[in-house]
Amino acid sequence: MTPSATKDTAKPTLPNPYARARFRMSAAQFGQLPVDGRPEAALVGRSNAGKSSAMNVICNQNGLARVSKTPGRTQLINLFDIDDTARLVDLPGYGFAQVPIAVRNAWGHLVGGYVEKREVLRGIVVVMDIRHPLTELDIQMLEWCRDRLLNAHVLLTKADKLSFGAGKNTVLKVQRELRDFDPNMTVQAFSAHAKTGVDEARAKLSEWLGLEAPQAETDAG
């Protein structure tokens, strides 16, 4: 094959739409959310599961979502516009122990209302530490998704903390449990540190939001 033919048949590189995500607003109440009809995909998980780090890596922006060393610090719904077509939503983390009961109750009211009532919500990425998956609160979140017939994708973060074999076994175990819980739910391993599973996560979000998935990159091993 000639060099010119190789050039002509090469597939063009598709840009990463999530790199264009920009902070829109924070909402403390359901009634403050935008009503422009843009489809949304949300990320939620335990406050120490690496949700913000995952969102930053998916969007290829280090400071998009705040990475706090204090679990439970962010108690607002944070919205990020992707151009004028779709939106990512960073929901407050759950499972935080060092906050008043009133704050925990407020979390349940805010996030529960969003999950149950938000008509433009297309799916939820439930972020779990691969070393401690499917906690009681994780299962509660998945039940909310199942009851509302929402798409749900489990992101098992910090996969670099386990060996390849141990990580694969955990993914298979969670996959089996999800199959009995709701066969439409999916799961993958992910590492913000090693950039593992980033393309798969982007593809899932793009499927929900109707965006063209960027060209796959080679994950760092």
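Let's begin with helix α3 (residues 101–117): at 1.5 Å a residue its 17 residues should span 24 Å, and its end C-alpha atoms are 24 Å apart, so the two agree. The expected span is 1.5 Å times one less than the number of residues. Helices (H or I, at least four residues) and strands (E, at least two) are DSSP runs, numbered from the N terminus.

A word on the source: this is a predicted model, in which local features need pLDDT of at least 70 and side-chain atom pairs count only at pLDDT 80 or more, while totals for chains, interfaces and linings use all residues. Residues are numbered from 1 along each chain as its sequence is written, and side-chain values use heavy atoms, with hydrogens and water left out.

Which residues of α3 are buried? They are Trp-107, Leu-110, Val-111, Gly-112, Gly-113, Tyr-114 and Val-115, where buried means under 20% relative accessible area with a 1.4 Å probe, protein chains only. They pack against α4 and the strands β1 (21–27), β2 (40–45), β3 (77–82), β4 (86–90) and β5 (121–129).

Of its 35 residues, Ile-77, Tyr-114, Ile-124, Met-141 and Leu-142 touch the most other members. Helix α3 gives the most to this core, with five residues. Apart from this core lies another, of 26 residues, among them Ala-41, Leu-88, Leu-155 and Val-198.

How values were computed
Buried < 20%, exposed > 50% of the residue type's maximum accessible area, 1.4 Å probe, protein only. Contact = heavy atoms within 4.5 Å. Core = buried A, V, L, I, M, F, W, Y, C linked by side-chain atoms within 4.5 Å.
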